[in-house]
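Q: I would like to learn how to read local features from a model. Please show me the structure and take the features in turn.

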Amino acid sequence: MDSLEWQTEEMTITKFHELLRIDPSIGPELVNKYLSAIKQHDGTLKSLITINSTALETAISKATETLTYNQTNKPYPPLHSVPIILKDNYSTSDLPTSAGVQALKTLQTKDDSEVVSQLRAAGAIILAKANLHEFALQGITLSSLGGQTLNPYDKTRTPGGSSGGTGAALAANFGLAGCGTDTMNSLRSPASACGIVGFRPSTGRVSCVGIVPVSRTQDVAGPMGRSVCDVRILYGAMKGPDGGNGRSLEVISEGIRSGHQVRIGVLEDYFQSEIHGDETGVSEYIAENQIVQDIIRSSLDSIQEQDPDITLVSIDPSSHPDWSYGAMSAKGDTQAFEFKHYLDEFLQSPLVSSTPHRSLESIAQSGEFDLQAMTHVFSAALEDLETFSLTSEAYRSRLEYIAALKESVKQCFDRYDIDALVYPHQRQLPVKIGAKTQSGRNGVLAALTGRPAICIPAGRSPTTASAVLGIPVGLELMGRRWGDDELLNIAERAEKILKSRAVPALY
């Protein structure tokens, strides 16, 4: 398009569709620009596992459709010609689905996962499939197939995870929008670390059928993007036709507040550093925690000052039970109990047309995985199936804990009459490359209670030699059960005030 200047960087879905109305050739041109950026920079970042070789061909075909839409003045489908990046645990009939595991690099499925089918029906182009922490089991995005993904803002640090490949790719402007999954923190952790937006919908809003599972109790698929608006558009295409599998009555029971007045509870217990016995570099951890606290507190001050219809309410730690990561992980996390069962079920399902392994045990025996990326979740049921199964007393106890946790959070929302809770997504900056875990993440509360949660950019740390723009820090909002759209509204208001998204310097 010669007559109108436009940039690939920070392109939005709305702007892209406006440009397509002027010139349909923008579609293939945008794909070409993304492919060029990937070729130039992803050898270093390692954010992607597979590039779709037919993406440009698809974009050229859709340009013909664009011309017809323009000539007839018909609206575009919501994701018409939008090049998106999928985490490589989403099944795709035309591309392998590996979950980042060397042992599964040739796994093929007969069909797309349900949500990918919906994305394609909405007009999306699958541009690439992204690296993830192996099996989506941790938060540093290290896998035997994709290697270690680097943070675009500081290549000495990780991009969060497990959806870190999608997060890093979107931060680097390798695609227009993307999709990840979230079992504990995994949509919001990369959003915080990479200065983008990650949205965990209410559990059940988006189908996980055809996505390589970790925990049926906790798994959620959701959108990622550089703006809340793009995330909202992508979420609209991802969620089920009935917006929640016929469970809309629960929306009423939650008592969603209406109107412009918004009350947000500041979850004070999630700001201070949470030091564990195995922490190394305690002084650095505390210093980073102070940086995070200052950024989030400053962001909240700005929101309250600039939006008179938002009221912040301090949530006293003594007013609710222990919602610490340590307590919830020890008493509520179901991953180790469910992973083997549901992974085996997926690998043996009719959806999988070709795979070298049909069970977790077979993968473990192959040795074709990165031992450094593995967690207790990988080995638990292989070593002690009696305990780590869906029929054990220990599993039943965790489900009871989750039920009590849900009730305690509901009581907090009701007692303080709030629409959302707010806190830093993680209490320290993304860990350095070589660390085995990402400490200090606060996303587990939403994961266990099934509530919607979104992480938006709040600011960046002071600059250093390896981080010339500073390192992103994310602000997380958790809403009422099934109040997904209301939470997106709040996040969009906050985003417009903070304006904290910045393009990383990749050179």
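Q: Where is lysine 46 found?
A: Lysine 46 sits in the loop between helix 2 (26-45) and strand 1 (48-51). Helices (H or I, at least four residues) and strands (E, at least two) are DSSP runs, numbered from the N terminus. This is a predicted model, in which local features need pLDDT of at least 70, side-chain atom pairs count only at pLDDT 80 or more, and totals for chains, interfaces and linings use all residues. Residues are numbered from 1 along each chain as its sequence is written, and side-chain values use heavy atoms, with hydrogens and water left out.

Q: Is lysine 46 buried, exposed or partly exposed?
A: Buried means under 20% relative accessible area, exposed means over 50%, and partly exposed is in between (1.4 Å probe, protein chains only). Lysine 46 has 38% relative accessibility, so this residue counts as partly exposed. Its backbone has a positive phi of about 55°, although lysine 46 is not a glycine.

Q: Which residue has a positive phi of about 60°?
A: Phenylalanine 135 does, although it is not a glycine. Phenylalanine 135 is buried, with a relative accessible area of 3%.

Q: How many aromatic pairs does a search of the whole structure find?
A: A pair of aromatic rings is described by the distance of the centres and the angle of the planes. Rings of Phe, Tyr and Trp (its six-membered ring) pair if their centres lie within 6.5 Å; planes under 30 degrees apart count as stacked, over 60 as edge-to-face and the rest as tilted. The search of the whole structure finds eight aromatic pairs. In one of them, phenylalanine 135 and phenylalanine 339 have ring centres 5.3 Å apart and planes at 75°, so the pair is edge-to-face. This pair links distant parts of the chain, 204 residues apart: phenylalanine 135 lies in the loop between strand 4 (125-130) and strand 5 (142-143), and phenylalanine 339 in helix 11 (residues 335-347). Both phenylalanine 135 and phenylalanine 339 are buried.

Q: Why is the pair of phenylalanine 369 and phenylalanine 378 classed as it is?
A: The ring centres of phenylalanine 369 and phenylalanine 378 are 4.8 Å apart and the planes are at 45°, so the pair is tilted. Phenylalanine 369 is buried at 16% relative accessibility, and phenylalanine 378 is buried at 6%. Ring pairs join Phe135, Phe339, Phe369 and Phe378 into a cluster.

Q: Which residue lies over the face of tyrosine 76?
A: A charge sits over a ring if NZ of Lys or CZ of Arg is within 6 Å of the ring centre and within 35 degrees of the ring normal. Arginine 21 lies over the face of tyrosine 76, at 3.8 Å from the ring centre. Arginine 297 lies over the face of phenylalanine 271, at 3.9 Å from the ring centre.

Q: How many disulfides does the structure hold?
A: A disulfide is a pair of cysteine sulfur atoms within 2.5 Å. The structure holds zero. For cysteine 194, the closest cysteine sulfur is that of cysteine 455, at 10 Å, too far for a bond. Cysteine 194 is buried at 0% relative accessible area, and cysteine 455 is also buried at 0%.

Q: Which residues does UniProt list for "active site"?
A: UniProt positions are given in the numbering used here, feature names are shortened, and annotations may be inferred rather than shown by experiment. The unreviewed UniProt entry lists Lys87, Ser162 and Ser186. They span 100 residues in sequence, yet no two of their C-alpha atoms are more than 10.9 Å apart, so they gather at one spot.

Q: What do lysine 87 and serine 186 touch?
A: Contact means heavy atoms within 4.5 Å. Not counting residues up to four places away in sequence, lysine 87 touches residues including Lys129, Ser162, Thr181 and Ser186. With that exclusion, serine 186 touches Lys87, Gly161, Ser162, Ser163 and Thr181. Lysine 87 is in strand 2 (residues 83-87) and is buried, with a relative accessible area of 0%. Serine 186 is in the loop between strand 7 (177-182) and helix 6 (188-194), and is buried at 6% relative accessibility.

Q: Which peptide bond is cis?
A: The bond from glycine 161 to serine 162 is cis, with omega near 10°.
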